[in-house]
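Trainee: I want to know what stands behind the labels. Please take me through the definitions.

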Amino acid sequence: MKTISYSNHLYLSELESQVIKEDIYLYHQMVIRSYRLIYHKNYHGLQINSLQKKVKSLYGTNDYLPLSAIHEAKALFKSSSSSHKLHVKKLDKQMSRIKQKVDKTRKEIEKIENQIQQLIHKTREGKQTKSDYLLEVQVLKPTLKQLKSRKGQLNFRLNRVIAKQRKLTHRVPMIHFHEATSMTIPGRRQGKYSNCIFKYHLDEDTLVYRSRQQEIHLPIEFQPHSEQLKEKIKLPHNTAGKAVAYQIMDKGKYFIIKAIFDLNETPIHTTKYNGCIGVDINVNHLAVTEINKEGNLVGTTNYPILGYNAKQMKQVFKNAKPTEHPLLSLIQ
């Protein structure tokens, strides 16, 4: 299971360096260029011997940033391609449903028209009654008019869907990139620090960022899962699950770094021997109910949560008395 641990705020004024911002911008340009090269290679037959060498030569840098940018560009291309296929399938289903409605409406129109023709035939023979006349004028003809209007609307919708499908079939749209605000460096299980650009010195609580120009030492504190993150980095060289990816996000006046790693999920063991609890999260309160092992109601309590953040809610439960409700000890 992928787990994320967030760093403290790293203020730009304290770093006294614009190198990280420059690297994020350069990385963003590499992602855009890599994505376009991959796009044209897959859809327009562009010949590229080595995407890595191509990007590296265009920006004159080492292998680390181009490899990371290409990795993200491939993920974006795969995601956009999958999204495009799902969109096409959705249009196919939509077109099928509209065609069914058009066919059903057409049959209803034919049925009404046949009924009207029968009434006209009776009129010519002089057998039409007053009820026949009212049926034709007040029911059949207004209904026929509505059905023809509905058929026209359905045909209009069908033509729009067909046009969209034809456009998507012949041209896969490229994604649009926004302002450069983040840089993601994949982890690696080879080496001591689980990453090729970021080095987390556990004894000093310092994360060293190896930029194109210099090494920048960042005083770091990760939360949550900080201990699990440190255990991953301590794993021996080339151990499965050792890799740690880092994403640095530019928030304007400060940076935040996300450490992304695999965490083995602890299995949850449950039992109904002593009864069950139910928790219902509502807009303004938390409803908690308990039943015993025979299925009988033990108690129900509501806790107000409107206007409280996570820390305040923990304090509410911490200050409450265990005797208020038998479940309170479990919630805490």
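Mentor: Start with patches. They are made of residues with over 30% relative accessible area and no salt bridge; like charges are joined within 9 Å, nonpolar side chains (Val, Leu, Ile, Met, Phe, Trp, Tyr) within 5 Å. This is a predicted model: local features need pLDDT of at least 70, side-chain atom pairs count only at pLDDT 80 or more, and totals for chains, interfaces and linings use all residues. Residues are numbered from 1 along each chain as its sequence is written, and side-chain values use heavy atoms, with hydrogens and water left out.

Trainee: Which residues form the nonpolar patch on the surface?

Mentor: Tyr133, Leu134 and Val137, with about 250 Å² of accessible area together. Areas come from the Shrake-Rupley method with a 1.4 Å probe, and for residues only the protein chains shown count as cover. Tyr133 sits in helix H5 (residues 130-170).

Trainee: Why is Tyr133 called partly exposed?

Mentor: Buried means under 20% relative accessible area, exposed over 50%, partly exposed in between (1.4 Å probe, protein chains only). Tyr133 has 46%, so it is partly exposed.

Trainee: Where do Cys196 and Cys276 fall?

Mentor: Cys196 has 13%, so it is buried. Cys276 has 31%, so it is partly exposed.

Trainee: How many disulfides are there?

Mentor: A disulfide is a pair of cysteine sulfur atoms within 2.5 Å. By that rule the count is zero.

Trainee: Why is strand E5 called largely enclosed?

Mentor: E5 covers residues 206-210, and four of its five residues are buried, so the rest of the structure largely encloses it.

Trainee: How do you know that Asp262 and Lys2 form a salt bridge?

Mentor: A salt bridge is a side-chain nitrogen of Lys or Arg within 4 Å of a carboxyl oxygen of Asp or Glu. Here the closest N and O atoms are 3.3 Å apart, and the pair qualifies. Asp262 lies in strand E8 (residues 254-262) and Lys2 in strand E1 (residues 2-6), so the pair ties together parts 260 residues apart in sequence. Lys2 has 60% relative accessible area, so it is exposed. Asp262 has 30%, so it is partly exposed.

Trainee: How many salt bridges does the structure hold?

Mentor: 11. Asp103 and Arg106 make one of them, at 2.4 Å from N to O. Both lie in helix H4 (residues 64-124), three residues apart, about one turn of the helix. Arg106 also meets Glu110, at 3.0 Å.

Trainee: What joins Asp103, Arg106, Lys107 and Glu110 into one network?

Mentor: Salt bridges that share partners.

Notes:
Helix = DSSP H or I, 4+ residues; strand = E, 2+ residues; numbered from the N terminus.
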